[in-house]
Structures are given as C-alpha cells and as structure tokens.
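Start with the sequence and the structure.

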Amino acid sequence: MSSTRPSPTLRRFTVIPRLPPALDRLRELAQNLSWAWSPLARELFVRIDPPLHEAVSGNPIELLARVKQSRLDELAADDAFLSHQAAAHAALMAYLSQKTWFEKSFPEAGDARIAYFSMEYGLHESLPIYSGGLGVLAGDHLKSASDLGLPLVGVGLAYAEGYFRQTLAGDGWQGERYPMTDWNKLPVSPVTTSSGERLVIHVQYPDRVVHAQIWRVQVGRVPLFLLDANLEENTPADRAITGALYGGDQELRVRQEIMLGIGGVHALEAIGLRPTVCHMNEGHSAFLALERIARLMRERGASFAVASEATSAGNVFTTHTPVPAGNDAFDPELVRRYLEPYRAALGIDEQQLLDLGKTETAEPGAPFSMPVFAFRTADHKNGVSALHGEVSRRMWNALWPHVPEHEVPIDAITNGVHVPTWISGEMSALLTRYLGPRWAEATDDRDLWARVHEIPDAELWQAHEHRRHRLVTLARQWRRERAAHETLSFPEEVLDPRALTIGFARRFATYKRATLLFTDVARVTRLLGDAERPVQLVFAGKAHPQDKGGKELIRGIVHASRQAGLRGRVVFLEDYEMRIARALVSGVDVWLNTPRRPHEASGTSGMKAAANGALNLSVLDGWWAEAYAKHGARVGWAIGRGEEYEDGEGDAIEAGLLYDVLEREVVPLFFDRDASGLPRRWIEKMKHAMASLVPEFNTARMVKSYASRFYAPAIDRAARMTANDLAGAKDLARWKQRIHAAWPEIEIAGVTARTATVVRVGDPVEVEAIVDLGALEPGDVAVELYHGPTLGGHALPRGALAPMRVERRNADGTYTFVGHIPTEESGSHAFAARVMPWNEALRHTSDTSLVRWA
C-alpha cells in the first residue's frame, strides 16, 4: 500500500463584486483599457477610493473587487458620481461607434484582418506583460490602431510572473523578484466556447502537446489575445512557457516563441479570426510563418513554394535591434528538434528548414537566426527610424549579397508614442483649454499643434513646475521607503523642487552609457553643487537579470548618489514601470540620452518627455538624429555631431561634450529669468519642441504609415496571390523557379558608351549593353545602368538607376539594350550595367537576391 499522501482535487470558482444596479456600467468601463488614456474614465475610478486606487496600481478590476460594499452603496446614491459614470460611459460608446480614419481611407480593405504579434505589451502598469521599450511601443501601437479604427487584433503571451520586480540591495546591486500574477484580478476576460467553457488550444512540441487557454484584453476597439500555458493539465516545465518574460535559457525561449508564433495562429483560428496580414513585432513570433504555410498547404493542396509566396505576401516584419548580438539566434539542433513535428508536413528536409534561418555565407552549424527567418518569410520589412533603416540595410546586406547596400529591401518607419497615454493631467487640461479637445485624437495635426505657441508662458510654466514638484514628492516617498538602507537623515533632503531636473530612465544596457555623466566626478559635482543654479539627476531603469554590466551601471549610480556633494542631488528610483515613467517624462526639465551611436534603434522615452514640454539632450542616434536634423537647436540639444566610435573609444570625448553643453547652454538658459521669475527663452524652446515634435513623433502618424505603406499593400498583395485557386502565387513560384534555373547562363557580353566620355551638364550619356539572356526573355529581366558621381573615389557609394530598353535582338541570340544617363551636375561620374530579375508581382526587384553585373 502506497504511503504517498494523495493531493486534493481542486475545484475552482470565482467571486465577483456585487455592484448595485446603478453602478453596472462600471464593470463595462473597467473591462475596456481605454481608461488607460481617457482622463474622464480614469478619474471616475480614482473617485471611488483614491488610496485604494493607488494601492492597486490603477487597476479598476481589483479596485472594484476590494472596495468596501458600503462605499459602492454610497456611490450608487451619489448623483454627482452617477453623472460622471454616465458621461464616461457615453464617451466610450461614442468612441466605439464613430466612423474611423481607416474606414474612410481604405474602404476597399473589406473584411481584411491584421494580426499584430509581440512578445510583450506595455498597456498599463497593472498588466505586467512588458519589460520596456519594445512592449510599450506595442501597447501604443494597439492604442493608436484602436483610435484609427484599424481591423487589428493583438497576439501575445499571458505571463504568470511577467517581467521581474526590481529590488536594490544595500550596496546598490540589483535583485529580482517574480511575484505570481492573478489573472482573475486583471482587466481581462477568458475566451470561451459557444457552450461557455474556456477555449483551450493545443500546440505540438516534441513528444507531447502543450495546452493553452486564451485571455482577451479589450484595448478600445482592438482585442488583444494572450496565450496562457499555466494550466493543471500541463507539466510544470510546460507551464513555464508562459512563466517569466525573457527568463530561462535558449530552450525555453524556443518553446516560448513556438507558443507565440505557431500557438498564436492556432488561437486566432480557434476564435474564428483568420488574419489577412500578420505583423511580426521583432523576430520572436517568426515561427508563425511556418504555421501559415502549413495551413495553406493542408487546406489548398499547395506546394511549399506556392504557399510561401501566398503567405509572405501578407507578412510584415519590423526589426528593432541594430546589433547582431541582440537578435535571437538558436542552436540549429535545438531548432531542428522543436520544429521536427512541423517539418514533414511542409515537405522540406532538415537542411532546407535550417537554411531559412541563415544567410548564404553562413558557416555550417551557424545558429538559426530568427530575424533572418523573418526577413525570408515577409514581403514587407522595416527598421524603426531613418538611421536604423540604414544600419539594418548594412547589417543584413548578406541576405542580398550582390545588391548595393542602399537597395537592400528594408524600409524604415520611425517609432512614435501614444500621446494621450503619456501626457500628464495638468498638460492635458492646458492643451484642451488652448487647442481644444480634439488634440487627443489629432496628435499628428501640425496646424493644430502650432497653437501651442498661443499658451501663455506663465500657464505653461506653472503646469510644468507643478509636475516637477509631483516628481520630487514621488522621489521623497521612495526615499522614506528606503530609509532603513540609507544614511540620509531626512527624506526631504532628496531633490529640490526648484532645481533644474535632468531625467534618465530606460533599460540599463551598457551601450546606453547611463554613467557617462559621472566620467569626471569633480566636474559633475561642481555642476550639481552650485547653490545659485542647482541641478539634480533622477535615474530609473532595470538591467536584464543576466546582464552584469548593466547591473554594475546601476550600482555605480547608487554609489555616486551617496558621495559628498552629490547626496540629495542624485536619485535612483527603484522598480521602474509605467507609472514611474509617466511621472519622469512629465516632471523633468531635460531628458538625457547617451547611447553609443548607432546602437539606439529609435528610442521613444524622449518623445514622451517632449510631449510634456521637456527638452531633449541626446547623442544624435535613433529618432533624435531625425528630429535634430530637421528642427535643430530650437527643440533641444545634441551631444556631438553624429560621430561614431568603436566601443568605449568616444566615451571620454562625448562626456566632455555633454559637460560643455550643460555648463554653457542648458544651465544658463534655465536660470535666465525675467522680472516675473519666468525663463522666457526656455519656455520658448519648450513650445517649439511640443509644436514641432509631437505631431511628427507619435503613433497616430506611425500607424497611419504602417497602414498605407505596409498593411493596405499587403492586403492587396495577399488577395492577388490567393485569388483564383492561388493563381498569382503559383505563377510567381513557377517564374522564380525558372529564373533561378536559368540565371547561371545570364551574361553581359559588352558595355559601350555611344557618347563621348566628356559631356556638358544636361546632355545625356547614351550607353548600349549586349546581354545574353540564355533561356529567358527580355520581359523576365530589368537591365539597368547604375550611375553617379564617384566623389573622388573608385566606387559608387550610392548610385542612381537608369532603365535600359531592348533595341534589337542580334543574330547570335543576344540582345542589345540601350539606356540614357542624365547629367545634372559636373564632376567625375561612372556607371555600370546590370541585369536583375523582373516581374510585376515582385514586391522589390531585389527580392530574389539575383544580380548580374557587367
């Protein structure tokens, strides 16, 4: 007889608050995360119980679960509260029912559906499924997609532990806590079947099936579906798939990314949503491409090649990482083992599968790169700022090895922020007073935001100073909580509400150089210790649990904050999350950013600060390179002129430049006051920053760009590829097969300039090329002249293209092509002829990676 004590069988039930009938609409309002950017709805929930609202991190579901029944009964009889509730509910109903920008702009989209896949989403601090910038961007993307009415759904994972909660030891070393998330207390609801049971999907892994339920988060008009493997029918190891965000080893990451990509497609199908377009926000979800291909093969009897053409037409991939080491790359054996259950159904062998994640020049046994796989399976690809687009084209040129770098088919759409989410209450009220209530839905209207200049200086400065006081209050509250670990006698010693306040908050990676300002301790001490012109620094941010270098940066700042001359002037705010982020971007005077160029793909925290009137002081990297190039010193300051150094080489130089800008420009301008005590020239700069930067660097502009440049073309392209029994995809696959087979025969037999080698500006240069096309026809190719100024060198760094037309077919079967090079400027010029495959169905002429140069 076994001595093992049997474990009890748990049978679950849920208790919900008993809302009086008069308050029924509170539940509906609480379940739609539009309250995260609606002051009217947010203030309604604060009004229920302000201290409790603060204690539950602004989560209205937990608020309603914990508020005393007597308080609910009291509110049910409060006419003023009921009127507020009615107004908030009416505003939500009006928002959900109005005709949207997408409907007006793309009526031909019909019933198309866009699915947005992301490993993390930063929607609100009460929903802990984000770690930093990537997730916050994804959350802002969903919010603007809702505002604009895109037919979009989000797909992600429901983490039981989320990202870690940060603690700092007495010596400043970062520790991590992973508290469990109670999903029944969050603004989410389970997806159920028609019979009312929870919908569960089944995802194949080697030797077993993993089960996942689905949670729904309603973000305005947009539903976000989150997969949750924390089920009793799964093993503990499989429950960990949705345990911690970015935790564990490579194997866990592969398992998580299979759940996100393949499981995400399963989930949408089970819900009854088949996406026309799938947007991969970073490479984590790229396995979705395999699932889309497999489904089309199974349902339509298509080959792998045909299904690939049909599905890639509707795939969008956004890369966010400007350094190869930051991208997911897995051991090929790990990928082979985990994808084996899917490979056979695809009709490809192991090597063909692994080659999808490698460049042509990769060594045998090279890791399987998720970005490479995503690039190969998506027709629409982009980086997240103009500079990052350039960096990405250079970094991934090996995928198109014979194509000039600037022609690599990776576009750029600069990131933005969802302005209503990040604007402070005080600034929101001021904007409504002088711009009208439409500012929140017209964040990309330049003419409207130009009216920021009409706000009286005194009112703008008063609102801004109030936010600085609020930030100081938050920092002092934190100090009280940390008093047991510190030597400061009074929390009030921390920060001065009148001092010039510089903020730095972001992920603590070494390339972001959080401690650059402490390069010369004596100089920074003098800067911060001036009693007549006080300056103070507020830091926040988390280092990845395995990033010891990032943790050392945090410890260095904590140690600096305890030094004589810096104590009380330097503060590190522990456990950075969205609530602290809002307080910082709305409360600082200057937002500091010091990455090593070009390692910052975009960055968005500075955009949030600018929307609140803070001025950016930054290296010319990411978004700030664009902003400063266009608007210059009217909107902030630059550190350097865009120089690039090897790691560490430029740190001392740029630290010196940073001190110079602070000492000679920033500090004097802030303390230059008129008779009324107002820093007029500083305020003028604030207005320029808000009026110029907000309408450009916001997610309304960003999502409109995705819709017009990627989503709508992808919807159209996918329709053309799949119509008439996949006729478009079949034709393109056959054509590509024919092109690849015939390409070795292509030869440019001769190139001759019919014009003299010296010409006058404005006179075209006529060139002929003799081309042997082998088995191909002229309609299969584009013959082009790649030309431009040599700039004193022996290469064409960025040539332009002039088409060549068929003049005749020669007796030997070759063709004579003729083209004309325009001459618009004098100097030394050069040209080369080339042949590339051409088909009107190609998204880019360089998609095949085939080029033949003369």
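## A buried ring

Phe287 is buried, at a relative accessible area of 0%. The model is predicted. Phe373 is also at 0% relative accessibility and counts as buried, because the cut-off for buried is under 20%.

## Phe287 and Phe373

A pair of aromatic rings is described by the distance of the centres and the angle of the planes. Across the model, the count comes to 31 aromatic pairs. In one of them, the ring centres of Phe287 and Phe373 are 6.1 Å apart and the planes are at 50°, so this pair is tilted.

The two residues come from distant parts of the chain, 86 residues apart. Phe287 sits in the loop between β9 (277-281) and α11 (288-300). Phe373 belongs to helix α15 (residues 370-377).

## Phe504 and Phe539

Phe504 and Phe539 also form a tilted aromatic pair. Their centres are 5.7 Å apart, with 45° between the planes. Phe504 lies in strand β15 (residues 500-505) and Phe539 in strand β16 (residues 535-540), so the pair ties together parts 35 residues apart in sequence.

## A ring cluster

Which residues do ring pairs link into a cluster? They are Trp461, Trp637, Phe670, Phe671 and Trp682.

## Charges over rings

Arg221 places its charged end over the ring of Tyr95, 4.3 Å from the ring's centre. Lys542 lies over the face of Phe164. Here the distance to the ring centre is 5.0 Å.

Conventions: Residues numbered from 1 in each chain as written. Predicted model: local features only at pLDDT ≥ 70, side-chain atom pairs only at ≥ 80, totals over all residues. Heavy atoms only, no water. Phe/Tyr/Trp six-rings, centres within 6.5 Å; stacked < 30°, edge-to-face > 60°. Helix = DSSP H or I, 4+ residues; strand = E, 2+ residues; numbered from the N terminus. Buried < 20%, exposed > 50% of the residue type's maximum accessible area, 1.4 Å probe, protein only. Lys NZ or Arg CZ within 6 Å of the ring centre and 35° of its normal.
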